[in-house]
Amino acid sequence: MATSAQLFEEPFDADEYIERLAWRTPGGGSKGGAEAFDPKKLLEEFANHIEELKQLDERIQRKVEKLEQQCHREAKEFAHKVQELQRSNQVAFQHFQELDDHISYVATKVCHLGDQLEGVNTPRQRAVEAQRLMTYFNEFLDGELRSDVFNNPDKIKEAADIIQKLHLIAQELPFDRFADVKAKIASKYHDLERQLIQEFTAAQRRGEIGRMREVAAVLLHFKGYAHCIDVYIKQCQEGAYMQNNVFEDTALLCQRVNKQVGEVFSSPEMVMAKLIQNIFENKLQAHVKEKLDTCFAELEQYLKNLYDLYTRYSLLKFNLGSDKHTFLSKLIKSIFSSYLDSYMDMERQYLQSRSAVILQRYYDSKNHQKRPLGTGSIQELKERIRQRTNLPLGPSIDTHGETFLSQEVVVNLLQETRHAFQRCQKLSDPADLPRNAYSIFLLLVEHLCVDHIDYALEIGLSAIPSSDAKNANLYFLDVVQQANTIFHLFDKQFNDHLMPLISSSPKMTECLQKKKEVIEQMEVKLDTGIDRTLNCMIGQMKHILATEQKKTDFRPEDENNVMIQYTTVRDLVSKYRILTQILSALWGLVVSLPKHTACSKVCAYVRKQVESVRRSMDGKNVDTVLTELGVRFHRLIHEHLQQFSYSSMGGMLAICDVAEYRRCAKDFRVPLVLQLFDTLHALCNLLVVAPDNLKQVCSGEQLTNLDRNLLHAFVQLRADYRSARLARHFS
C-alpha cells in the first residue's frame, strides 16, 4: 500500500485505515479462515508501514520548513516596500501643504487688489452715471428731448430705466423752482409706463413669454407694476370659462397660469394669489349666489346645493396647491359666510318639516288620525298606576292588527338625518360642530323615538285587551318585534354618524344620557305591554279551562273502561317499592289514556304563543319572557288542578293531562319551567298512589324538598281522603 499525504486528508478515520491495511496484507485479514492468518506477516507489514510513515513525516516536515522560510522572506520584502511608500507619501504631503499655502497667499493678494480696484471704480461709475442723468435732466429742463434713447422705440427698456431714476430724483427737488421739469418727467414716466403695459399685453396675446418677462422686469420698479399684474390676470381669464363646470375650468386655468407666472414674474406666488382671489371674488362668488339664491325658498334643494358647492370648493382648494390652504380657506369662508351663519337654522327647519311630512304621509296611507297623547299630571298619574297595577286605564282600541310602525318611515327619517349629519360635519365651524350635531340628534329623537316609536307603543298598549277578554287578538308582540328592529337601526346611526362628531366634546355625555333616557322610557312601556300581553295569554288559557273543563272530568261515573288499568297500577305500586320504578310504571300506563279537550286546546294555544314570542324577541329577551310565561302557565295549571276532587280514574286522567302540559313545557326550552312541570307531575302521582305507599312517595327525590302543607293539600283532593284516613300520614 503506497503511502502518500492524500490518504490523511479530512475526514480521516484511524480505525478504518488500520483495518484496510490489515485486509491488504496476505495472511493478515479474515480471508481463508483462521488457518490462513499469519501474525508475523501482519507484524512485519505494520513495522514496514510505520517506517514509511516516518519517512513521509520527514518529507512533509522539510517541505513545511521550506515554505515557512519562503514566507518570512516575502514578509520582509513587503514590509520594506511599505516603508518606502510611506516615506514617499510623507514627502508628497509636505509638497501639497507648501502649494496650498502659496495658493492662499496669492488669493489673498488678488482679493486685496480687487477691493482696491473696486474702491476706485465705484465712485467713478457713480460719477459717470450722475453725469449721464444730469445730461438727460438738462434735456427735460430745456424742454427738448434730443437723445436717441427717448426717441427710438427699440430702446424703450433703456429709456424706462433712465426715466424711473429721474422720477425718483425729481421727487426730491423743490416744487416752486422745478415744477415744470417735474411735470415733464412725470408725464414721460406715465407715458413710458403705459407703453410698457401695452407692450406686455401684446406680448401676452402673442404668447411671447420671453418678451413678457423682459417687460415685467422693467415694470417691476414702476408704480404701474400692479396694474400690469391686473391686466395679466384679466387676460388670463378671457375664454377660460367655456364649459358648464366652473370648478374644472378654474382648476385648469390655475394649473396653466401657475406654470407661466414662474417664467414671467419675479414673484409668482404673489401673482397666483392675486389671480385666485380675483377668481373667487368675482366668478365663483357669482356662481354661488346664482345657485343658492334661486332656490332659497326650497329648503331641501337649497341645503343640497349648499353642501355640494361647499364640498366642491373644498376639493378645489386641494387642487390649487397645498401651499395655499390657509389663504383659500379664508376666501371660501368669505364667500359662504352669510350662508353658513344661517345654515343650522335652515337645517333644523328643514328636518322639522320633512320629518313631519314623512310621518303624516304614513298615517294618511293607513287612514289613521293620529290621537293626541295625554300630557300633564293626570297622564303621569295614569302611567304610574298602569305601571304598578297593570290595569288598562281607558278604553281598549282595536288596531285591526296594525302596529303603526314602518321600517320604510324609519329608513326615510334616518336617511334624512344621516344627510343632515354629513352637511353638519362639512358646513359647521369646528367649535360649533358638537352643538349642531346634538341639535340634529334631538330632532331625530323627537320624530323617530317619540312621534313614531313611542306613539306606536302607546297605541299598542291601548290596544291590549283586558285579561278576562275572550278570544282576544294579541298584536303587541308584533309591535315589540318591529320596535326592536327599528331601535337597532337607530343605535347603528348613533354609533356610525353621530359619535364621530361629538366623541371629543362634552356633548358626548349629553347624547349618551339622552339615549339612555329614551331606551329606559321605551323599555318601561315594552315591559308593561309584554306583562299585560302575558296576562291576556293566561286569561285566555283560564277561559279555555273554565269553558272546556267540567267538574266531573276527574270523577267520571263510568270507571269500568280504565278499572283494569287502575288495578294493574295498584298491583305495581304494591310490588315495587322504589319510587323511580313506581313512577316509570305509572307513566307507561297513562301515556295511552285520552287527554281532556281543555288540555289539548290549552297546549295548542300555548305552543302558538311560544312561537310568537320567539318570532318577536331576540337574544336573552326570549328566555326572559318565556320564563315568565312558563311560570305563570305553571301557576295557572297548579291552581286549576286544585279546584277538583279526584277518583282513582280521575287521578290517572289528571296525570295524563299534566304529562301533556309537561311535553308542551319542553317547547319553552327553559330548564326552570320544565322543572316546575316535573314537580307538578310528581305531585299528581299522589292522587293515584296506594295509601300504604303514600308516605314513601312523599319522601321521594322530587317531593322531599316541598312544603308538607303543599303535599297535604294535593292529597286532600283525593276522593278517598277521608275513607282511607290519609290525614294520618301528615299529622
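**Buried and exposed residues in a predicted model**

Reader: Why is valine 673 called buried?

Author: In this predicted model, valine 673 has a relative accessible area of 0%, and because buried means under 20%, valine 673 is counted as buried.

Reader: Where does valine 673 lie, and which residues is it in contact with, leaving aside its neighbours within four places in sequence?

Author: Valine 673 has its place in helix 23, which spans residues 671-684, and, with those neighbours set aside, it is in contact with Leu626, Thr627, Gly630, Val631, Ala665 and Phe668. Leucine 629 is 44 residues apart from valine 673 along the chain, and the C-alpha atoms of the two are separated by 9.0 Å.

Reader: What makes asparagine 305 count as buried?

Author: The relative accessibility of asparagine 305 is 18%, and since the cut-off for buried is under 20%, asparagine 305 counts as buried. Asparagine 305 belongs to helix 10, residues 299-319, and, not counting residues up to four places away in sequence, it touches Lys291, Leu292 and Cys295.

Reader: How do you know whether valine 110 is buried or exposed?

Author: Valine 110, a residue of helix 2 (residues 39-142), has 52% relative accessibility; because exposed means over 50%, valine 110 counts as exposed.

Reader: Which residues make the nonpolar surface patch, and what is its area?

Author: The patch is made by Tyr105, Val106 and Val110, and covers about 290 Å².

Terms used:
Residues numbered from 1 in each chain as written. Predicted model: local features only at pLDDT ≥ 70, side-chain atom pairs only at ≥ 80, totals over all residues. Heavy atoms only, no water. Helix = DSSP H or I, 4+ residues; strand = E, 2+ residues; numbered from the N terminus. Buried < 20%, exposed > 50% of the residue type's maximum accessible area, 1.4 Å probe, protein only. Contact = heavy atoms within 4.5 Å. Patch = residues over 30% accessible without salt bridge, like charges linked within 9 Å, V, L, I, M, F, W, Y side chains within 5 Å. Areas by Shrake-Rupley, 256 points an atom, 1.4 Å probe, with all protein chains shown as cover. Salt bridge = Lys/Arg side-chain N within 4 Å of Asp/Glu carboxyl O.
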